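Thank you all for coming; I would like to walk you through one structure this morning, taking it piece by piece. Please have the sequence and the model open while I talk.

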Amino acid sequence: HVQVWFSEVPDLKVSKLEIKGPSPKTKLVQLHVMEKSLMAMVEGEMPDGAYTVSWQAAGTDGHIQKGDFAFTVKR
């Protein structure tokens, strides 16, 4: 799974998590809020390589924030 933490509870209506990597079959599903975080399950192949997760969320003020982070899978 992929989980991103925030200082406020994110608004699920405007929140997104997406993943890009070496396989187009890899995707994030079942996005949900867990206290002050967004969490999604990884579905599909996840071969070795570089991945980027992009996120979008807003708190109680409604101001949308976006960002991304990268990680590498190596077995």
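Predicted model: local features only at pLDDT ≥ 70, side-chain atom pairs only at ≥ 80, totals over all residues.

Let me begin with the largest pocket, where the largest share of the lining, 3 residues, comes from strand β5; strands here are DSSP runs of E of at least two residues, helices are runs of H or I of at least four, and both are numbered from the N terminus. Residues are numbered from 1 along each chain as its sequence is written, and side-chain values use heavy atoms, with hydrogens and water left out.

The lining of this pocket consists of Phe6, Ser7, Glu8, Pro10, Trp55, Ala57, Ala58, Gly59, Asp61, His63 and Gln65. By type, these lining residues divide into 5 nonpolar, 4 polar and 2 charged. The volume of the largest pocket is about 180 Å³.

Of the 75 residues in the chain, 29% are buried, where buried means under 20% relative accessible area, exposed means over 50%, and partly exposed lies in between, using a 1.4 Å probe and protein chains only. If we take contacts, meaning heavy atoms within 4.5 Å, with a separation of 6 or more, then residues 24 or more positions apart account for 52% of them.

Now to the aromatic rings. Rings of Phe, Tyr and Trp (its six-membered ring) pair if their centres lie within 6.5 Å, and planes under 30 degrees apart count as stacked, over 60 as edge-to-face and the rest as tilted. By this rule the count comes to 2 aromatic pairs. In one of them, the ring centres of Phe6 and Trp55 are 5.3 Å apart and the planes stand at 70°, so this pair is edge-to-face. Because Phe6 lies in the loop between β1 (2-5) and β2 (16-20) while Trp55 belongs to strand β5, the pair ties together parts that are 49 residues apart in sequence. Phe6 is partly exposed at 22% relative accessible area, whereas Trp55, at 19%, counts as buried.

Tyr51 and Phe71 form an aromatic pair that is stacked, with 5.4 Å from centre to centre and 10° between the planes. Since Tyr51 is in strand β5 and Phe71 in strand β6 (residues 64-73), this pair ties together parts that are 20 residues apart in sequence. Tyr51 is buried, with a relative accessible area of 1%, and Phe71 is partly exposed, with 26%.

Staying with strand β5, which covers residues 49-58, we also find Gln56 there. Is Gln56 buried or exposed? Gln56 is buried, with a relative accessible area of 12%. Leaving aside neighbours within four places in sequence, Gln56 is in contact with several residues, among them Val14, Leu38 and Ile64, and its side chain reaches the backbone oxygen of Val14 at 2.7 Å.

As a last stop, Glu35 sits in the loop between β3 (27-34) and β4 (37-43), and this residue is exposed, with a relative accessible area of 70%.

Notes
Polar contact = N/O pair within 3.5 Å; in protein donor to acceptor, adjacent residues only side chain to side chain. 1 Å grid on protein atoms, 1.4 Å probe; cavity = no way out; pocket = protein on both sides within 12 Å on 5 of 7 lines; lining within 4 Å. Points joined across faces, edges and corners; volume = space filled by probe spheres on them. Nonpolar A, V, L, I, M, F, W, Y, C, P; charged D, E, K, R; others polar.
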